[in-house]
Amino acid sequence: EENMSQGMVAVLDIGSSSVRIVVGKRGINGTFNILGTGESEYSGYVDGEFLDTNELATAINLAKANAETNSGLEIRDLFVGVPGEFSLCETKLVSQNYPKKIRISKENVQDLFLKASGSEFETTHTMINCSGIYFVLSDNRRVVDPVGERSSRLSASISCIWADNTFIEIINGILSSLGIQNCEYLSSPLAEGMYLLDENQREKYAIIIDCGYISTSVSLIRGKGLVMLNSFSLGGGHISADLQQCLHIPFASAEQLKSKVVLSISPSQNDVYEVQIQSKTVPVSMQMTNAVVCARIDMIASAINKCLNLCKEEHPEFVDVYLTGGGISYIRGAKDQLSKSIGRNVKLLMPKDAQMSKAYLSSTLGLLDMALDKQADESTSFSQKVKGFLAKIFQR
C-alpha cells in the first residue's frame, strides 16, 4: 500500500446508521475524483450519545480497511466530520478600530476571529470552525470578504462551531488504535451548506434540513458560516419502525415498503403495496401505509419548527428551505408533505456532481470538498513560507 500523496485526502463521515470513509482528490471543473470508499453500518447515536462505541470502532475499522483496499492507499491522516448532534453553534458581533485607514489583511481578520473565540462552552467543547457571516467597514459597507478593502474599522458577525469533547475523545481513541496519526475535525452541517449552496444562495440566508436515519439537523446558513444549528433524534428509521409496528410486518419488510411509498397520490381503500415477507409477496393497505408515513413526517416537521423557533438571530421571514440527507429525501412525496406540515416551501438539495447526485451523499461530499480546500490552503501557505524563507536567504 502506498501513502497518500499531495492533493489527496481521506474523510470520515459519521452518519446516524453508517460510517463512510472516502479517499479523493479534485477532478476537473470542481468535480471529485473518488479513489476509494468504505462503508459500514452500526447502531448510530441518539441525543448526542453513541449507542455502542465498540460497534462504532468495528465499523470505522471496516470502512477504513475497505477504503484502503479500494484505493490501494494507506490512510494515515483523516478529516473527520462532526455531526450536528455533537455540535454547538454560536454567533458573536466583534469589532476593531485602527488609528488610520489601513488595507485589511488576513491577519486583521484572524485577530477578529481570536476576539470571538472565548466561550462558556470551552470546558466541554472544542472549537472546530470560526467563520465570518458578514463584515462591516468604516463606511458601513457590508462585505463577505474584507481582505484588500481600505477601512479604519472592521466589524463582523462571526460564527463559531464547537464539537463535544466526549465525541472527540471517543473518535481519537478509535483512530489512534487504527494507526491514524493525524486527524482534523470539520463541521458536517457547515461543510454541507458551503458545498451544496452557491454564494448567492448563502448570502440571502438559507435553511438546510438534513434528515438522516435516526438524526436530523436543522441549520441556518449565511455567508460563510452557520447562524444557527439545532438537532434532534428522529429520522427515516423511525418511519420503518412505525410501519413494522402498525402493519405487523418484519423490520426488513418495513424498510423495503418505505422505498415503495408514494405520498403524492390519494389511494382508494383497495389500493395496495406489495412487500416480501419470508419469500411470500404480501399486500398491505396503501391508505394505512401512507397515513403512517405522513404521521411520522408531521412529527419530524414539528421538531423542525421547534428548532427554527429557537433561533435567536434576526433573519428574514421568507428564507429558502432545503431538504437533504438519506432519511426521507427519496420517499416520493415526502418533500411536499414536509412543506405542508412546516408551512414553508421545501426544495430538495442534492450534490452537484452528476455521478453522485444522491441526497444521502451530501455530508460526505461536503466534507470531501472542505477537506480538499483546507489542504490546498495549507499547502499554498506552506509554499509561500518556503518562498519567503528562500527570498530572505538570497537577500543576505
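Which hand does the crossing of α6 and α8 have, left-handed or right-handed? The crossing is right-handed. The model behind this report is predicted.

## Helix α6 against α8

Helix α6 spans residues 236–247, and helix α8 spans residues 286–309. Their axes come within 10 Å and cross at roughly 140°.

On the α6 side, the contact uses His 238, Ile 239, Asp 242, Leu 243, Cys 246 and Leu 247. On the α8 side, the partners are Met 288, Thr 289, Val 292, Val 293, Arg 296 and Ile 297. By class, the contact of α6 with α8 holds eight nonpolar, two polar and two charged residues.

## Helix α6 against α7

Helix α6 also meets α7. The axes of α6 and α7 come within 8 Å and cross at roughly 115°. The crossing of α6 and α7 is right-handed.

From α6, the residues in contact are Gly 236, Gly 237, Ile 239, Ser 240, Ala 241, Leu 243, Gln 244 and Leu 247. From α7, they are Phe 251, Ala 254, Glu 255, Leu 257 and Lys 258. The class count for the contact of α6 with α7 is seven nonpolar, four polar and two charged.

## Helix α1 against α3

Helix α1 covers residues 53–71, and helix α3 covers residues 165–177. The two axes come within 10 Å and cross at roughly 45°. The helices α1 and α3 are therefore oblique to each other. The crossing of α1 and α3 is right-handed.

Thr 53, Leu 56, Ala 57 and Ile 60 make the contact from α1. Ile 170, Ile 171, Ile 174 and Leu 175 make it from α3. In the contact of α1 with α3, seven residues are nonpolar, one is polar and none is charged.

## The largest pocket

The largest pocket has a volume of about 1,400 Å³. Its lining has 31 residues. Closest to the pocket centre are Lys 106, Gln 110, Phe 113, Cys 130 and Asp 377.

Four elements each supply at least two lining residues: α2 (106–116), β10 (125–137), α4 (188–196) and α10 (362–395). Which of the elements gives the most to the lining of the largest pocket? Helix α10 does, with 10 residues. By class, the lining of the largest pocket has 13 nonpolar, eight polar and 10 charged residues.

## The second largest pocket

The second largest pocket has a volume of about 770 Å³. Its lining has 38 residues. Gly 15, Ser 16, Ser 17, Gly 212 and Tyr 213 are the closest to the centre of the second largest pocket.

Strands β2 (8–14), β3 (18–26), β4 (32–41) and β15 (216–222) are among the elements that each supply at least two residues of this lining. Helices α4, α7 (251–258) and α10 do likewise. By class, the lining of the second largest pocket has 11 nonpolar, 18 polar and nine charged residues.

Notes:
Residues are numbered from 1 along each chain as its sequence is written. This is a predicted model: local features need pLDDT of at least 70, side-chain atom pairs count only at pLDDT 80 or more; totals for chains, interfaces and linings use all residues. Side-chain values use heavy atoms; hydrogens and water are left out. On a 1 Å grid over the protein atoms alone, a cavity is a set of points where a 1.4 Å probe fits but cannot get out, and a pocket is an open set with protein on both sides within 12 Å along at least five of seven lines; lining residues have an atom within 4 Å of a point. Grid points are joined across faces, edges and corners, and a volume is the space filled by probe spheres set on the points. Ala, Val, Leu, Ile, Met, Phe, Trp, Tyr, Cys and Pro count as nonpolar, Asp, Glu, Lys and Arg as charged, and the others, Gly among them, as polar. Axes are lines fitted to C-alpha atoms, for helices over the stretch in contact, and angles run from 0 to 180 degrees between N-to-C directions. A crossing is left-handed if the near helix is turned anticlockwise from the far one by less than a right angle, and right-handed if clockwise. Contact means heavy atoms within 4.5 Å. Angles under 35 degrees count as roughly parallel, over 145 as roughly antiparallel, 65 to 115 as roughly perpendicular and the rest as oblique.
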